[in-house]
Amino acid sequence: MSENHVVTVENLNKFYGKRQVLKDVSFYIDKNEIVGFIGPNGAGKSTTMKCMCNLIFPDSGTIRICGYDILKERDKALSCQAALIESPGLYMDMSGKENIKLIAKMRKVPDARVNELIEFTGLDKKINLKVGKYSMGMKQRLGLAIALLSKPRFIILDEPTNGLDPTGIIDLRNTLHNLVKEEKLSILFSSHQLGEIEKLANRIICINNGRIIDTPQALDGSMHYILQLSDAVKAKNIFAKRIKEDKIELIGSDSIKVIIDDQPVLSQSLKEILDEDITLLDINKMELDIESIYKEVYGDHHE
Ligand SMILES: Nc1ncnc2c1ncn2[C@@H]1O[C@H](COP(=O)(O)OP(=O)(O)OP(=O)(O)O)[C@@H](O)[C@H]1O
């Protein structure tokens, strides 16, 4: 296991009766990563996530959270993670604050952390209202605050944008980005909202018919750049010292396309290009077009 891996899933297999719904599922999640889990209905996203939360058991395979095997060192593994799967288990006839305090008491969470998370909900005075009166977005913020009580290193969110209005989605996105920065955690979330995945995730894991699909290059966290220069051939050779040839493409005499997953490689190469007196005319970072990639991976046929 790499030091950077917060989660490793290896060769997970799961049957429902005779039907195999997970087939040798393997992947990892690194520190401070937000990973989107995508795939058509019935692909196996929830089943994988439920195995990772120990809610259901795989027939074979291993899951390690912060290095702890979820079956053999269950308590330690689960203490490093939190999950919001389906709707958060909240008590509707209690207030938001009472919900937080109840769970905090069970988990022996210090008051300072409880107050920090009450603030985090952003619910203000509404924290004293009964949860039954909350909107989806409010319930979700509360659920997330409760999930964070015990300072997890990793959180799993199953379709967190479901039922949220556009403001709620933007709010959730900002919250999750801030969480990764401030709490230094990693997130795995599933979603069907491709636009959202694109804005939220650093990396994507694709699943179809129970099997992980090779992640297209464009989704593996690397960035595509188009550079316009006075001498594209010379620039191509400079990049070739640091990245594989198949990640550099000459487009005409004055442009190259490069795929880079390491920022220092880009800056070192650009420095050398300028040192060689090649004029850099333009540089454009290409946005991920997740919709066309999704079509390319899954086509129109859902198994
Ligand atoms: N308790 C169960 N018993 C039998 N089959 C199940 C059970 N739960 C899920 N399945 C089947 O396992 C397969 C994977 O389902 P899963 O819920 O993991 O997919 P998903 O990718 O999360 O789909 P969705 O995007 O629709 O939520 C589906 O074919 C589903 O019908």
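I located Asp24 in strand 2; strands (E, at least two residues) and helices (H or I, at least four residues) are DSSP runs numbered from the N terminus. The model is predicted: local features need pLDDT of at least 70, side-chain atom pairs count only at pLDDT 80 or more, and totals for chains, interfaces and linings use all residues. Residues are numbered from 1 along each chain as its sequence is written.

**Entry: positive phi**

I noted that Asp24, although not a glycine, has a positive phi of about 50°. Asp24 counts as partly exposed because 14 C-beta neighbours lie inside 10 Å (buried is 20 or more other C-beta atoms within 10 Å, exposed is 12 or fewer, partly exposed is in between; C-beta atoms are placed from the backbone).

I then turned to Asn54, in the loop between helix 1 and strand 4. Its phi is near 65°, again positive in a residue other than glycine. Asn54 has 16 other C-beta atoms within 10 Å and is partly exposed.

I traced an open sheet of four strands in the order 2-1-4-5, with antiparallel pairing; two strands pair if DSSP finds at least two bridges between them. Strand 2 (19-30) and strand 5 (68-69) stand at the edges, each with a single partner strand, so one side of each has no neighbour in the sheet.

I looked up the link between strand 4 (residues 60-65) and strand 5: two bridges join these antiparallel strands. Ile65 has Tyr68, in strand 5, as its bridge partner.

**Entry: the helix**

I found helix 1 (residues 45-52) lying across strand 1 (5-16), strand 2 and strand 4. Helix 1 runs at about 115° to strand 1 (axes are lines fitted to C-alpha atoms, for helices over the stretch in contact, and angles run from 0 to 180 degrees between N-to-C directions; contact means C-beta atoms, placed from the backbone, within 7 Å).

Notes. Two residues are in contact if their C-beta atoms, placed from the backbone, lie within 7 Å.
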